[in-house]
Amino acid sequence: MATEANTSAPAEPPQAPATQNTQKETQPKDQKAKGEQPAKDGEPAGEKKLSGAEKKKMAKEEKAARRAQAKAAQASQGQPSGGQEGAGDGGKGGKGRPKQDGQAGGQHKGHHAKPAAAAPVVPKEVKPAVPECFGHLSMARRINITQADKDVDPAVLVLGQHMSTFALSDSITRLEATLYAFKKVIDSYTTPIGTTFSRHFTSHVLNPQIDYLTACRPMCFSMGNAIRWLKLQISKIDIDLPDLEAKKLLCESIDNFIHERVTLADFVIANTAAELIEDDQVVLTYAHHHLVQRALLQAQEQGKQFRVVLIDDAFERVGVEHSKTLAAAGIPVTYVSDLGALRSNLRDVSVVLVAAEAMFSNGAMYARSGTCDIAMAAKDLGIQVVALCETINFTERVSIDSLTYNEIDPERLSDVGFRLLFDTTRDRYISTIITELGNASPTAVPAILRKLEEL
Amino acid sequence: MATAEASAKELAPTTELPIRTGSDSADFDIVATYHSLLKSDPDLTKPVAAINALIALLNTVPSTTVYETLDIIKAHSERLKASVENPIPLAAGTDLFNQYIMSSLKQQDGSFDAVRQHLLRNGRLFAQRAVEARNGVAEAGWRYVTEGSTVLTHGASRSVTGLLARAARSRPGKFKVVYVRDEWRPKESDRVVGELRQLGIPTAEIDLATVAHVMASLRRVSMVIVGAEVVTQSGGIISRMGSYQIAKLARSSNIPFYVAGETHKFSRIFLHDQNKLGFKQSVLDFRLEGSSSHLENPVDFTPPDLISQLITENGVKLPSYVVEQILDIYGSLNG
């Protein structure tokens with residue numbers, strides 16, 4: 001898998017300093033709870049201290065400068081509000097589809113402004129670090145809060161910061177957080193006189209939030225799916241319905257959506273995966289994913305005697321905590337720091353348990369970079385590979401390689417190389433996918449998608 | 001106890017006492033009914049026999065509440081499943097029956113009596129449809145047996161013999177069959193071979209050990225067609241022991257491997273690998289002296305990636321067709 005590539009042009013790693021500031025921020029969920037006071041949580045990052053009013057004032061003062069800069073950044077990203085509107089708009093056209101696609105449109109001018117926008121304080125011209133052929137790939141960027149559109153809700157502002165710094169990283173957590181933030185947005189909205197909720201809200205209020213979030217980090221497939229769903233719900237609202245009722249209705253359906261597609265789904269998936277594990281088995285897993293962790297802990301609770309081999313992501317040591325948690329629960333864990341000696345680590349393994357970021361309709365799995373290597377090696381050795389994935393992560397798109405859809409790791413973008421965050425595992429390397437609907441083979445993805453459309 | 005109250009209310013007009021319900025359905029021997037059905041009609045497959053047994057059960061149960069009846073059906077299904085070594089084929093039937101009742105209840109606005117009457121009146125319909133389905137399989141698949149081809153098969157699947165008979169009618173003497181004998185069932189093998197020869201199909205008998213040799217001899221075998229006890233949700237099959245082996249050999253010789261099976265054999269069961277067949281089957285019997293015990297009806301699992309196509313009465317389909325059907329019928333993948 002080509003996850004590392006050399007580049008010729010020199011450039012500064014624009015992300016590093018900014019990112020470190022916010023990485024120690026508190027956990028996302030609490031934030032959303034008090035989403036109205038982002039300033040408090042955001043303390044470490046200086047700008048966030050400002051209250052809403054101050055911010056507005058300041059924003060006004062900086063308007064001219066900011067505008068010019070933001071415009072340049074947005075245009076170059078291929079995501080001016082016009083383009084983004086399509087992002088969830090029902091997704092009929094190819095262009096408007098969520099996240100990465102939007103970027104693809106602007107690929108040619110893309111990387112010139114990307115680093116500039118990421119480090120807006122540095123006015124000097126930064127040369128692209130990503131070669132032209134990878135120009136379509138997007139990257140999370142830190143966007144100064146003062147640079148954001150004035151319509152962006154404080155809750156969404158904070159959320160955007162979290163996403164750009166990867167405090168919220170996996171697709172389901174981001175989805176959940178986004179929906180909660182949107183609930184806040186809906187809550188604080190009042191329909192202006194002379195228009196109606198269903199006609200005004202999406203285009204004037206929701207879309208700026210989505211644009212901002214996408215600018216912070218390209219949307220994941222589940223967010224695209226959920227936003228499309230949300231916009232459909234909004235468009236269905238009766239125009240005669242009073243604001244209060246409409247908002248209540250919408251918030252309720254968001255709650256139900258999260259409950260069904262995330263909470264219950266996770267519960268079912270963890271259960272099903274735990275059932276799969278048998279006594280005396282050796283389960284291999286990669287890095288950390290909450291679904292896998294939950295499944296393993298559940299199997300342990302059921303009194304199953306098994307062993308875990310945990311291979312960590314060498315670039316992101318999320319597995320350390322994971323292995324500690326598992327060990328604390330009494331599961332024997334072998335910690336392997338990277339993909340080295342993969343085959344010998346796989347030798348005794350009975351099942352590989354990984355979680356997917358998304359599933360493509362051709363049965364390919366989009367997951368943390370490195371998953372594909374493990375799946376291929378495992379399949380080669382006749383070990384079954386089980387992928388855990390909520391159906392909200394299923395996308396009707398098709399991918400056969402790791403380059404059509406991907407993201408550049410903003411922390412590992414230097415003048416000499418960069419890293420991709422994900423890879424794509426073809427269906428033939430996956431034995432089973434576990435969704436909330438049950439076990440299925442990867443070839444069942446299109447059938448499941450069709451079923452979901454009916455529901 | 002809520003059901004008891006409800007049933008009492010329901011029962012008032014029918015003059016049936018609830019106590020009789022229990023004793024009647026308890027008296028009914030579903031296992032014996034199932035086996036006698038299987039014996040009486042050689043055309044019946046296991047899922048259809050299970051469905052018919054359940055209909056016979058409905059016959060003995062007086063009309064009570066929906067839930068009580070569903071409970072009775074469930075209890076008897078479980079009893080039936082527990083009574084056989086490999087419950088998967090008949091589970092496909094009982095699942096289908098349950099689903100049928102549920103969906104007809106929805107259609108009939110919950111009028112359980114109408115559903116019940118309909119079922120009782122059309123009890124034979126299931127069996128009849130099953131036979132029709134088998135003919136459908138033959139119709140859908142016989143053209144695959146092209147002139148001059150040689151078909152390798154094993155087991156005693158009625159779908160396969162039906163298909164070959166259909167092909168023999170249109171292309172008499174134009175194709176040959178290699179039949180893999182089952183050394184544990186010489187009588188059955190003799191019967192199938194006899195039937196095939198009777199149909200005018202030149203048939204060669206080999207044993208399982210010869211399969212690889214025959215397949216590797218270039219152009220000796222043009223395709224494999226086998227039957228299945230159950231087609232799993234992923235499109236794999238649970239079938240007579242040896243099918244997996246033949247499928248693997250066929251794959252390594254690039255010979256297409258077809259499965260002839262009616263759609264009522266589609267099951268919601270999902271198998272991860274050979275280890276978990278959904279029931280216990282101990283093939284290995286290690287001993288120092290004496291001979292190992294032999295299983296009565298051993299089966300194995302052929303994963304979908306070794307199967308070229310499924311020949312069903314709805315046409316010739318890819319293995320992934322099964323999951324679409326399952327989702328259509330049950331609305332969920334398993335359980």
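**Close-ups of a predicted two-chain model**

**View 1. Helix 9 of chain A packs with helix 11 of chain A.** In this predicted model, helix 9 (residues 154-164) and helix 11 (residues 197-216) of chain A sit with their axes 8 Å apart, at an angle of about 20°. That angle is under 35 degrees, so helix 9 of chain A counts as roughly parallel to helix 11 of chain A. The crossing of these two helices of chain A is right-handed.

**View 2. Here are the residues where helix 9 of chain A meets helix 11 of chain A.** Helix 9 brings A:Val156, A:Leu159, A:Gly160, A:Met163 and A:Ser164, while helix 11 answers with A:Gln209, A:Tyr212, A:Leu213 and A:Cys216. Sorted by type, that's six nonpolar and three polar residues, with no charged ones.

**View 3. Chain A meets chain B.** On each side, 13 residues are in contact with the partner chain.

**View 4. A:Ala356 belongs to the largest nonpolar core.** This core has 199 residues, and those touching the most other members are A:Val352, A:Ala356, A:Ala387, A:Leu388 and B:Leu164. Zoom in on A:Ala356 and, setting aside neighbours within four places in sequence, you'll find it in contact with A:Met365, A:Tyr366, A:Ala367, A:Ala387, A:Leu388, A:Cys389 and A:Asn393.

Key:
Residues numbered from 1 in each chain as written. Chains lettered and ligands numbered in written order. Predicted model: local features only at pLDDT ≥ 70, side-chain atom pairs only at ≥ 80, totals over all residues. Core = buried A, V, L, I, M, F, W, Y, C linked by C-beta atoms within 7 Å. Buried ≥ 20, exposed ≤ 12 C-beta atoms within 10 Å, placed from the backbone. Contact = placed C-beta atoms within 7 Å. Axes fitted to C-alpha atoms, helices over the stretch in contact; angles between N-to-C directions. Helix = DSSP H or I, 4+ residues; strand = E, 2+ residues; numbered from the N terminus. Parallel < 35°, antiparallel > 145°, perpendicular 65-115°, else oblique. Left-handed = near helix turned anticlockwise from the far one by under 90°. Nonpolar A, V, L, I, M, F, W, Y, C, P; charged D, E, K, R; others polar.
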